Amino acid sequence: MMTLEECYSKFGGDYQDVTARLLNESMVSRLVVKFLDDPSYQNLSAALEEENYGDAFRAVHTLKGLSLNFSFGNLSNSSSDLTELLRHWETEPVDSGKCEEFFTKVREDYLAVTEAVKEFAGK
């Protein structure tokens, strides 16, 4: 069975940071597994497909916040990049090519996290 530290190592997360902030490994373990149920990534994917940049911004902003709180490293960075690209969607045209490029990186990082967490959880 995979340890939480091995799980974090697998997707480029910061195990030391998250366990220091959330105070114990047991709590982190429970919360990280609950991340699998969060709909932010699916909402982001659907909104981008519909070119609904307002909903996409809200979804990726939520994903960024969760990733930062859980010290997900790569996913924190990629979701932050996409958040900033979409931040002014109401007043500036969105570069769809750059948006697709950034979303591709978010997807890769999200899948790395969720695959490792599923392995950790025995799912």
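**Helix H7: pocket lining and helix contacts**

H7 gives the most to the lining of the largest pocket, with six residues. The model is predicted; local features need pLDDT of at least 70, side-chain atom pairs count only at pLDDT 80 or more, and totals for chains, interfaces and linings use all residues. Residues are numbered from 1 along each chain as its sequence is written, and side-chain values use heavy atoms, with hydrogens and water left out. Helices (H or I, at least four residues) are DSSP runs, numbered from the N terminus.

The largest pocket has a volume of about 160 Å³. A pocket is an open set of points on a 1 Å grid over the protein atoms alone, where a 1.4 Å probe fits, with protein on both sides within 12 Å along at least five of seven lines. The volume is the space filled by probe spheres set on the points, which are joined across faces, edges and corners. Lining residues have an atom within 4 Å of a point. They are Ser45, Leu48, Glu49, Glu51, Tyr53, Ser96, Cys99, Glu100, Phe103, Thr104 and Arg107. Helix H4 (40-49) and H7 are the elements that give two or more residues to this lining. By class, the lining has four nonpolar, three polar and four charged residues. Here Ala, Val, Leu, Ile, Met, Phe, Trp, Tyr, Cys and Pro count as nonpolar, Asp, Glu, Lys and Arg as charged, and the others, Gly among them, as polar.

H4 also packs on H7, at an angle of about 155 degrees, with the axes 12 Å apart. H4 is therefore roughly antiparallel to H7 (an angle over 145 degrees). Axes are lines fitted to C-alpha atoms over the stretch in contact, and angles run from 0 to 180 degrees between N-to-C directions. The crossing of H4 and H7 is left-handed (the near helix is turned anticlockwise from the far one by less than a right angle; clockwise is right-handed). Tyr41, Gln42, Leu44, Ser45 and Leu48 of H4 make the contact with Cys99, Phe103, Val106, Arg107 and Tyr110 of H7. Contact means heavy atoms within 4.5 Å. Seven of these residues are nonpolar, two polar and one charged.

The axes of helix H6 (residues 74-86) and H7 (residues 96-121) come within 9 Å and cross at roughly 155 degrees. H6 is thus roughly antiparallel to H7. Their crossing is left-handed. Asn74, Leu75, Ser78, Ser79, Asp81, Leu82, Leu85 and Leu86 in H6 meet Lys98, Cys99, Phe102, Phe103, Lys105, Val106, Asp109, Tyr110 and Val113 in H7. The contact holds 10 nonpolar, three polar and four charged residues.

Helix H1 (residues 4-11) packs against H7 at about 160 degrees, with the axes 9 Å apart. H1 is roughly antiparallel to H7. The crossing of H1 and H7 is right-handed. Leu4, Cys7, Lys10 and Phe11 of H1 contact Ala112, Val113, Ala116, Val117, Glu119 and Phe120 of H7. Eight of these residues are nonpolar, none polar and two charged.

Notes
Parallel < 35°, antiparallel > 145°, perpendicular 65-115°, else oblique.
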